[in-house]
Amino acid sequence: MREIKINETTWYVGANDRKTPLFENNWPLPYGVSYNSYLINDSKTALIDGIEFGSDPDYLQKIKKILNGKKLDYLVINHMEPDHSGMISSIAAEYPGIKIVGNNQTARILKLYYNYNETDFHPVADADELSLGNTTLKFYMVPWVHWPETMVTYNVTDKILFSCDAFGGFGTLDGSIYDTENNLHEHYISEMRRYYSNIVAKYSGMVQKALAKLSGVEIKMICPSHGLIWKNPADVVGLYDRWSRHEAENEITIAYASMYGNTEHIADHIGSLLGEKGYRVHTYDVSKTHVSYILSMIWKCKAVLLGTCAYNGFMHPMMEHLCNEIRIAQPKEKIFGIFGSSSWNGAGVKNLIKFMEENNLQALPAAAELSGSFAPEKIGESAVKLVEEVDKAIKSWK
Ligand code: FEO
């Protein structure tokens with residue numbers, strides 16, 4: 001991707017990645033991902049965040065072209081995860097003596113990943129400033145958004161926030177790098193929610209703290225390290241605020257694991273009863289749909305119904321996988337319901353209940369369960385009761 005001028009001093013020098021199939025070797029990237037990197041060319045020069053190693057063979061060339069013979073003075077490392085720090089060694093080799101700007105936690109993690117000269121480290125603490133000439137950078141610590149060392153960099157002069165993972169999203173930058181020039185509703189917003197629920201959600205409490213810390217800062221533009229650059233920062237701040245407060249729609253996610261179709265039939269039966277009550281229902285087979293998308297929909301919906309068949313005395317392994325991701329992401333303010341089928345011991349539903357209890361998740365009392373093959377009359381009253389409880393819980397939600 002070519003370099004793009006953002007204003008008189010600031011350039012976009014990031015990369016689109018459409019080759020990597022799984023982000024963190026875990027999350028699907030059907031629309032790819034971008035690693036955003038920014039170069040400030042003032043009296044002094046600073047690169048803010050890097051890109052994943054190997055994602056753009058022209059990266060150093062682009063920087064060299066913009067600097068036009070000047071040296072690179074600073075490399076600001078907002079976050080040490082290798083999708084942003086992977087080029088540190090190459091950058092340091094190209095610009096000997098470059099100062100790496102980070103906080104005490106950055107220094108600790110930097111040592112674990114890369115060889116670097118400690119005298120080349122420029123430590124900063126919360127609210128410290130760095131002058132590049134006309135441009136002044138100010139650093140705010142936002143730990144755990146997404147690692148303990150994470151910070152954001154604020155260009156005081158131009159009122160631009162370089163936010164790293166915060167306010168990021170999946171999806172490459174196609175045709176334009178700006179929110180104002182992309183059709184946000186085509187896939188960007190749902191890809192952002194998927195990114196949030198997959199990568200950042202576990203740290204929602206820390207996102208709220210970061211938003212509170214930055215609430216008094218005037219921001220004209222947000223430049224994250226993944227996804228769109230926001231000329232309308234209020235839009236993306238609003239989305240992150242909503243997601244980190246666990247606000248959801250009156251919609252329902254149903255996720256099921258089924259070997260021979262009986263649990264699937266229960267899922268559809270319950271789904272149609274909820275549909276008749278006017279709810280929008282999103283139903284997933286956990287063996288078919290990657291957990292990444294199910295988590296994202298869970299973040300969108302107020303109610304989540306999980307169903308499984310029994311499997312060797314446990315729940316189905318793919319439902320176990322979803323439960324593990326729920327345990328990690330810690331969605332809050334949800335109405336959970338349980339259903340399932342078994343052949344002799346009811347181990348699926350029993351283990352889903354155990355999962356809820358062990359993770360302090362409140363499940364509605366009316367689990368819908370049947371033994372053997374599905375028939376509407378076999379699940380009958382228990383499905384009706386579960387649906388009534390979901391309906392009542394959503395309607396009485398404050
Ligand atoms: Fe985009 Fe946490 O790294």
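In helix α9, the residues V291, S292, I294, L295, S296, M297, I298, W299 and K300 are buried, where buried means under 20% relative accessible area, exposed means over 50%, and partly exposed lies in between (1.4 Å probe, protein chains only). Helix α9 spans residues 291-300 and is mostly covered, with 9 of its 10 residues buried. Helices (H or I, at least four residues) and strands (E, at least two) are DSSP runs, numbered from the N terminus.

Before you go on, keep in mind that this is a predicted model, in which local features need pLDDT of at least 70 and side-chain atom pairs count only at pLDDT 80 or more, while totals for chains, interfaces and linings use all residues. Residues are numbered from 1 along each chain as its sequence is written, and side-chain values use heavy atoms, with hydrogens and water left out.

Next, look at a pair of helices. Helix α5 (residues 184-200) and helix α7 (residues 233-244) have axes that come within 11 Å and cross at roughly 45 degrees. Axes here are lines fitted to C-alpha atoms, for helices over the stretch in contact, and angles run from 0 to 180 degrees between N-to-C directions. The two helices α5 and α7 are therefore oblique to each other: angles under 35 degrees count as roughly parallel, over 145 as roughly antiparallel, 65 to 115 as roughly perpendicular, and the rest as oblique. Which residues meet between α5 and α7? From α5 come I189, M192, R193, Y195, Y196 and V200, and from α7 come V236, L239, Y240, W243 and S244, with contact meaning heavy atoms within 4.5 Å.

Now find the sheet. It is open, with 5 strands in the order β12-β13-β14-β15-β16 and mixed pairing; two strands pair if DSSP finds at least two bridges between them. At the edges stand β12 (129-131) and β16 (221-224), each with a single partner strand, so one side of each has no neighbour in the sheet. Within the sheet, β14 (residues 151-155) and β15 (residues 160-164) run antiparallel and are joined by 3 bridges. Across this pair, T153 stands opposite F162 in β15.

Finally, how many disulfides are there? The count comes to 0, a disulfide being a pair of cysteine sulfur atoms within 2.5 Å. C164 is in no disulfide, and the nearest cysteine sulfur, that of C223, is 12 Å away. C164 is also buried, at a relative accessible area of 0%. For C323, the closest cysteine sulfur is in C309, 12 Å away and too far for a bond. C323 counts as buried too, at 2% relative accessibility.
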